[in-house]
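Please examine the sequence and the structure shown below. A short report then follows.

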Amino acid sequence: MKREDPATPNAYRLLSPQRIQWGMLIAASILCGGVLNWLAIPAALLLGPMIAGIVISLNGARIQPHGTLFLIAQGIIGCMIASKMPFSLASTFSSHWLLFIVCVFSVIFICMLLGWIMTRMRILPGTTALWGLSPGAATAMTLMAEANGADAQLVAAMQYLRVIMVAGIASALMTVSGEHVPATSAAVDLFDHGSYVALAETAGLIAFGCIAAKVLRLPAGALLITLVAGVVLSQNRWMDIALPQWVLVLAYTIVGWRIGLKFTRPLLRHAAHVLPRIAVSIAILIALCGVMAAILVMVTDIDPLTAYLAMSPGGADSVAIIAASSKHIDIAFVMSMQMTRFIILVAFGPVIAALMKRQAMR
């Protein structure tokens, strides 16, 4: 009997399809991110891995970052947002509370109206259009849509296509306006993290947010919990948030992969016959939100890019990363608007969808 070469299994494991796919994804992400960063494109470290993920996924890759890694990435981004909130956050929110309510419900109304029209015209089945256009966290809206009987694959296609379109337009606007501030010293400060005490406190906060999100099963909970807890703790000067640049790079990469790798060929095949109409509906949604942002600029003293990002129907994590790439954007206003809208959608989304479905069926 022929004896097998003991090195063969190890060699097979090293060259297994998944390892090859991960290697190709990492190489493509470095290449895309490096080119976009060289071109001074805003949020290049998010868009590069996202583009690489789409290309690799459409060529047959079947990989996804582990759920725990995505939770940690959300927690890191929540801490990053909290660290950028000014100490005037409470006064900003209290002085603009009516404006927040009007803006949040205006965007929700626009999304629901477009979804109702698409349902009424029978472009998409059931409440699929309503969930697909809902401007919340893409993963959370997809999970909630599936739980409420919508076509989860079509909802996922709409949600992630919307995130990519919003991120692309926002990056283009920042490039054209010259608001983007390239991180020229990123390589030098890659491992700079401040004090070790602050680093340990930040790691503890991220761990707490991830564990709480898993226990509570809250959609986008790691982002939400670490953001709220980080704001409360840092605003009261009970802790300092310290995040080395390399940690942020990893978080942006994981979020980009998570979005890009969702675009598999079966998913796009499933949505192919309605994809043009989905893209048009998303473009209309973005345009109408842009009109609302223009109105916001006219009635307040908010700058156009802050208004656009606050009103944009993109994912909160990708919007946060884009907003953080400029020193002139009011990230407190942007994230307060995004998170308020997200909380309202998570709380009342199923009720709104049920009402809209009943009206559409009539």
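## Basis of the report

This is a predicted model, in which local features need pLDDT of at least 70 and side-chain atom pairs count only at pLDDT 80 or more, while totals for chains, interfaces and linings use all residues. Residues are numbered from 1 along each chain as its sequence is written, and side-chain values use heavy atoms, with hydrogens and water left out.

## The chain as a whole

The chain has 17 helices and 0 strands; helices (H or I, at least four residues) and strands (E, at least two) are DSSP runs, numbered from the N terminus. Of the 362 residues in the chain, 51% are buried. Buried means under 20% relative accessible area, exposed over 50%, and partly exposed in between (1.4 Å probe, protein chains only).

Contact means heavy atoms within 4.5 Å. Among the contacts in the chain with a separation of 6 or more, 78% join residues 24 or more positions apart.

## Nonpolar cores

A nonpolar core is a set of buried Ala, Val, Leu, Ile, Met, Phe, Trp, Tyr and Cys residues joined through side-chain atoms within 4.5 Å. The largest nonpolar core holds 102 residues, of which Ile77, Leu243 and Leu309 touch the most other members. Helix H9 (residues 152–177) gives the most to this core, with 12 residues. Apart from it lies another core of 8 residues, including Leu25, Ile56, Ile63 and Leu261.

## Helices H6 and H14

Helix H6 (residues 97–120) packs with helix H14 (residues 275–299) at an angle of about 155°, and their axes are 11 Å apart. Axes are lines fitted to C-alpha atoms, for helices over the stretch in contact, and angles run from 0 to 180 degrees between N-to-C directions. H6 and H14 are therefore roughly antiparallel to each other; angles under 35 degrees count as roughly parallel, over 145 as roughly antiparallel, 65 to 115 as roughly perpendicular and the rest as oblique. By class, the contact of H6 with H14 has 13 nonpolar, 2 polar and 1 charged residues. Here Ala, Val, Leu, Ile, Met, Phe, Trp, Tyr, Cys and Pro count as nonpolar, Asp, Glu, Lys and Arg as charged, and the others, Gly among them, as polar.

Ile110 lies in H6 and counts as buried, at 11% relative accessibility. Leaving aside neighbours within four places in sequence, Ile110 is in contact with Leu285, Leu288 and Met292. Ile110 and Leu285 are 175 residues apart in sequence, yet 7.2 Å apart in space, C-alpha to C-alpha.

## Helices H2 and H3

The axes of helix H2 (residues 17–38) and helix H3 (residues 44–58) cross at roughly 140° and come within 7 Å. H2 and H3 are therefore oblique to each other. The residues of their contact divide into 11 nonpolar, 6 polar and no charged.

Gly53 is found in H3 and is buried, with a relative accessible area of 0%. Not counting residues up to four places away in sequence, Gly53 touches Leu25, Gly260 and Leu261. Gly53 and Ile259 are 206 residues apart in sequence and 7.6 Å apart in space, C-alpha to C-alpha.

## A loop residue

Arg237 lies in the loop between helix H11 (221–235) and helix H12 (245–260). Although Arg237 is not a glycine, it has a positive phi of about 60°. Arg237 counts as exposed, at 64% relative accessibility.
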